Amino acid sequence: MTDTITKSNRFRAPWIIFWAGFLLRALVIVIGHTYKIRLAQDHFQFGWEMGRIARALVTGYGYADPFVGHTGPTAWTPPIFPLLLAGVFKLFGVYTALSAWVILTINSVFSAAVSLFVYEIAARCYNLRVAKWSAWMWAVYPAALQYAIHWVWEMSLTAMLFTWVLALALRMRGIGEDKPREATATQWLGFGLLWGSIALSNSTVLLFLPICGLWILFGAKQPLAQLGKVALASLVFLAILGSWETRNFQAFHKFIPIRGNMGAEMWAGSGPDSNGFAWMATLPLEERNPETIRYRTLGEVEYTRQQGEKWHVYMRTHHLHYAAISLKRFYFFWAGVPHPTDAHPAAEAIREIDYCFFSITGILGLLLSLRNRIPAAGLFAWSFVLLPLTYYFVTVAARFRHPLEPLLFLFTVYLFQSAQPRRKHEAT
């Protein structure tokens with residue numbers, strides 16, 4: 001494919017990129033036996049809380065029991081991935097190796113699909129050379145594979161939905177088009193559907209929704225004429241979100257905004273024993289843990305309320321501690337989150353260098369995009385500001401950066417593609 005590609009499909013990635021990415025991930029799952037998940041704590045590493053909820057759904061307990069035993073209804077995690085995992089359990093068995101292989105393969109589809117949207121984003125905003133390199137890099141680079149092939153969690157799904165909504169936003173603004181057209185009602189409905197799905201996959205990404213929507217709206221030639229379509233998109237979004245809120249109100253007789261575990265997360269991540277990460281002893285993860293007994297006795301709503309109250313009391317006299325660990329989380333989010341101490345030192349060093357490298361080159365590529373007035377560079381910059389924001393103040397993990405990593409790869413490619421050789425008289 002060359003720059004002479006027809007205008008009608010110049011933003012479409014060659015499907016060979018998707019299939020190469022998917023088959024590579026599937027091959028690593030089989031060869032590496034990543035579907036053989038540890039049996040410790042009754043298969044808890046098979047999806048952690050989401051796996052427990054999926055098991056409860058399949059065994060007749062409803063959306064419940066995120067930790068140990070039967071503890072009642074939960075809103076600890078958003079519902080899309082647990083529901084998907086429950087479907088896999090229903091068809092292929094609860095906590096079976098076959099179910100693990102199926103869900104990791106589905107994750108691989110999500111992860112490989114990211115390359116299609118990375119290609120479109122780069123083709124619309126940069127050029128086909130950057131698009132091809134970025135898409136292929138995402139398809140085959142080892143760091144882009146890791147969450148799809150190892151983790152029974154939502155990272156690959158969220159990354160796909162987020163890059164998809166960015167590509168859709170560019171279409172709706174007509175970025176890269178010879179004759180931009182106003183966003184259609186179908187596109188706005190798709191926008192609402194995607195954001196509703198994102199909300200129920202990883203709600204922290206929602207901080208970016210207002211900026212993304214306003215960027216599209218104010219880029220229209222006649223913004224007021226778009227308001228009716230915006231209203232339709234809002235209705236779709238609210239209908240998706242409302243179905244989950246209705247379920248939560250029926251289960252808990254209380255309004256719970258998507259997730260109901262904020263108090264517990266704040267106490268675990270920023271309480272007296274915190275060091276920037278969630279302090280696991282403060283979470284109801286094990287049978288004999290006193291926190292598990294409290295969680296089961298009090299119920300989730302009261303338990304998280306009490307944990308949140310303990311955090312508020314602690315914070316009144318420990319502002320500097322909270323500020324220090326928040327800065328620490330900021331550093332870890334971009335520079336590299338340490339693994340447990342049992343990791344091999346050489347492997348850990350390579351992992352952290354790789355992680356930090358893409359933060360540096362990605363941010364430099366973004367800054368270069370802003371300086372060169374690349375279309376939508378400002379929108380991308382807002383995603384770098386807003387998506388990590390919650391994690392700075394609650395807890396941090398390397399996987400939380402994953403929705404931004406497709407853009408980090410793209411900006412890295414742009415940075416190096418923009419490098420110019422020194423002229424002869426400058427080199428002498």
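Predicted model: local features only at pLDDT ≥ 70, side-chain atom pairs only at ≥ 80, totals over all residues.
This tour moves through the structure by selection, from a surface patch to salt bridges, cavities and selected loop residues.

Residues are numbered from 1 along each chain as its sequence is written, and side-chain values use heavy atoms, with hydrogens and water left out.

**Stop 1: the nonpolar patch**

Select Leu27, Val30, Ile31, Leu91, Phe92, Leu98 and Trp101, which form a nonpolar patch on the surface with about 690 Å² of accessible area together. Patches consist of residues with over 30% relative accessible area and no salt bridge; nonpolar side chains (Val, Leu, Ile, Met, Phe, Trp, Tyr) are joined within 5 Å, and like charges within 9 Å. Accessible areas come from the Shrake-Rupley method with a 1.4 Å probe, and for residues only the protein chains shown count as cover.

Next, colour helices H1 (15–32), H4 (80–92) and H5 (97–125), the elements that give two or more residues to this patch. Helices here are DSSP runs (H or I, at least four residues), numbered from the N terminus. H1 provides the largest share, three residues. Within H1, centre on valine 30, which is partly exposed at a relative accessible area of 42%. The classes used throughout are buried (under 20% relative accessible area), exposed (over 50%) and partly exposed (in between), with a 1.4 Å probe and protein chains only.

**Stop 2: histidine 33**

Move to histidine 33, in the loop between H1 and helix H2 (40–43). The phi of histidine 33 is near 55°, a positive value in a residue other than glycine. Most residues other than glycine have a negative phi. Histidine 33 is partly exposed, with 38% relative accessibility.

**Stop 3: the salt bridges**

A search of the whole structure finds ten salt bridges, each defined as a side-chain nitrogen of Lys or Arg within 4 Å of a carboxyl oxygen of Asp or Glu. Side chains of opposite charge can pair when their charged atoms come close.

Select arginine 171 and glutamate 120, whose side chains meet in a salt bridge at 2.7 Å, N to O. This pair links distant parts of the chain, with arginine 171 in helix H8 (residues 155–173) and glutamate 120 in helix H5, 51 residues apart. Arginine 171 is partly exposed at 28% relative accessibility, while glutamate 120 is buried at 7%.

Glutamate 177 is partly exposed at 33% relative accessibility, and arginine 124 is buried at 8%.

Then display arginine 351 and glutamate 352, another salt bridge, with closest N and O atoms 3.9 Å apart. Arginine 351 counts as buried at 19% relative accessibility, and glutamate 352 as partly exposed at 27%. Return to Glu120, Arg124, Arg171 and Glu177, which salt bridges with shared partners join into one network.

**Stop 4: the cavities**

How many cavities of 30 Å³ or more does a search of the whole structure find? The search finds two. A cavity is a set of points on a 1 Å grid over the protein atoms alone where a 1.4 Å probe fits but cannot get out, and lining residues have an atom within 4 Å of a point. Grid points are joined across faces, edges and corners, and the volume is the space filled by probe spheres set on the points.

For the largest cavity, with about 60 Å³ of space, select the lining residues Asn202, Thr204, Val205, Phe333, Leu387, Pro388, Tyr391, Phe400, Arg401, Pro403 and Leu404. This lining has eight nonpolar, two polar and one charged residues. In this classification, Ala, Val, Leu, Ile, Met, Phe, Trp, Tyr, Cys and Pro are nonpolar, Asp, Glu, Lys and Arg are charged, and the others, Gly among them, are polar.

The second largest cavity holds about 30 Å³ and is lined by Met172, Arg181, Glu182, Ala183, Ile216, Ala220 and Gln226.

**Stop 5: two buried loop residues**

Select isoleucine 258, in the loop between helix H11 (227–252) and H12. Isoleucine 258 has a positive phi of about 70° although it is not a glycine, and is buried at 6% relative accessibility.

Finish at glycine 276, in the loop between helix H12 (262–270) and helix H13 (290–298). Glycine 276 is buried at 0% relative accessibility. Glycine 276 and phenylalanine 332 are 56 residues apart in sequence and 8.8 Å apart in space, C-alpha to C-alpha.

Conventions
1 Å grid on protein atoms, 1.4 Å probe; cavity = no way out; pocket = protein on both sides within 12 Å on 5 of 7 lines; lining within 4 Å.
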